[in-house]
Amino acid sequence: STMRHLASPIAKSFSEALRIDTEAGAWIFVSGQVGVAIPPDNKPISFEQEVRVTFDRIRESLRKLDADMDKIVSIKVYLTDLAPYAEFSKVRGEVFPHNPPTSSAVQVAGLLLGARIEIDAVAFIAKG
């Protein structure tokens with residue numbers, strides 16, 4: 001199998017994403033993404049917009065490794081507050097209209113950059 005690391009623009013100590021090609025297909029692991037400005041600009045952003053940008057960043061990572069959102073098989077979602085979960089769920093439904101991935105959501109005490117949501121993803125591209 002071969003491995004391709006997509007360097008993180010944030011830190012050298014982790015990869016933005018990692019693609020592992022095997023005989024069965026390719027696995028892609030995307031690091032947790034946030035929807036706030038990097039570096040922070042302190043401009044107000046709605047929670048829904050933050051969710052959309054988070055998914056957009058996951059999409060960008062996947063495309064750099066020749067995949068797209070329909071290849072995602074699992075996501076993990078970290079929220080600083082579960083109150084707007086329904087808003088997140090609505091956007092997730094738009095992002096994954098068919099054969100949605102498995103999804104876990106947990107409330108956490110805090111996220112980097114003052115983000116309210118962080119999402120990581122695993123994608124699989126079957127051979128053939």
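Trainee: Leaving aside neighbours within four places in sequence, which residues is serine 8 in contact with?

Mentor: In this predicted model, serine 8 is in contact with Phe14, Ser15 and Glu16. The word "contact" applies because heavy atoms lie within 4.5 Å. Serine 8 itself sits in the loop between strand 1 (2–7) and strand 2 (15–21).

Trainee: What makes serine 8 count as buried?

Mentor: The relative accessible area of serine 8 is 12%. Buried means under 20%, so serine 8 is called buried.

Trainee: How do you know that serine 8 and isoleucine 10 form a polar contact?

Mentor: A polar atom of the serine 8 side chain lies 3.0 Å from the backbone nitrogen of isoleucine 10. The cut-off for such a pair of N or O atoms is within 3.5 Å, and the distance of 3.0 Å therefore meets it.

Trainee: How far apart are serine 8 and glutamate 118, in sequence and in space?

Mentor: They are 110 residues apart in sequence, and their C-alpha atoms are 16 Å apart in space.

Trainee: Let us turn to strand 1. Why is leucine 6 called buried?

Mentor: Leucine 6, which lies in strand 1, has a relative accessible area of 16%. That value is under 20%, and so leucine 6 is buried. Beyond its neighbours within four places in sequence, leucine 6 is in contact with Ser15, Glu16, Ala17, Ser61, Lys64 and Leu65.

Trainee: Where is glutamine 33, and what makes it buried?

Mentor: Glutamine 33 has its place in strand 3. Its relative accessible area is 12%, under the 20% limit, so the term buried applies to glutamine 33. The residues in contact with glutamine 33, neighbours within four places left aside, include Thr54, Arg57, Ile58 and Ser61.

Trainee: Why is serine 104 described as partly exposed?

Mentor: Serine 104 has a relative accessible area of 41%. Buried requires under 20% and exposed requires over 50%, so 41% falls in between and serine 104 is partly exposed. The residue belongs to strand 5 and, not counting residues up to four places away in sequence, touches Ile75, Lys76 and Val77.

Trainee: What makes asparagine 42 and asparagine 99 exposed?

Mentor: The relative accessible area of asparagine 42 is 74%, and that of asparagine 99 is 73%. Exposed means over 50%, so both residues are exposed. Asparagine 42 lies in the loop between strand 3 and helix 1, while asparagine 99 is in the loop between helix 2 and strand 5.

Trainee: What is the phi angle of each of these asparagines?

Mentor: Phi of asparagine 42 is near 60°, a positive value in a residue other than glycine. Asparagine 99 likewise is not a glycine and has a positive phi of about 45°.

Trainee: Which kind of peptide bond, cis or trans, runs from isoleucine 38 to proline 39?

Mentor: The bond is cis, with omega near -5°. Proline 39 is found in the loop between strand 3 (25–34) and helix 1.

Trainee: Which residues of helix 2 are buried, and how do you know that they share a side?

Mentor: In helix 2 (residues 85–95), Phe88, Val91, Arg92 and Val95 are buried. They cover an arc of only 105° around the axis, which puts them on the same side of helix 2. Their cover includes helix 1 (47–64), strand 4 (72–79), strand 5 (102–107) and strand 6 (117–126).

Trainee: How is the crossing of helix 1 and helix 2 described?

Mentor: The two axes come within 9 Å and cross at roughly 35°, and the crossing is right-handed. Contact residues include Phe47, Val51 and Phe55 of helix 1 and Phe88, Val91 and Val95 of helix 2.

Trainee: How many residues of each class make that contact?

Mentor: Six are nonpolar, none is polar and seven are charged. Among the charged ones are Arg52 of helix 1 and Glu87 of helix 2.

Notes:
Residues numbered from 1 in each chain as written. Predicted model: local features only at pLDDT ≥ 70, side-chain atom pairs only at ≥ 80, totals over all residues. Heavy atoms only, no water. Buried < 20%, exposed > 50% of the residue type's maximum accessible area, 1.4 Å probe, protein only. Helix = DSSP H or I, 4+ residues; strand = E, 2+ residues; numbered from the N terminus. Arc of directions from axis to C-beta. Polar contact = N/O pair within 3.5 Å; in protein donor to acceptor, adjacent residues only side chain to side chain. Axes fitted to C-alpha atoms, helices over the stretch in contact; angles between N-to-C directions. Left-handed = near helix turned anticlockwise from the far one by under 90°.
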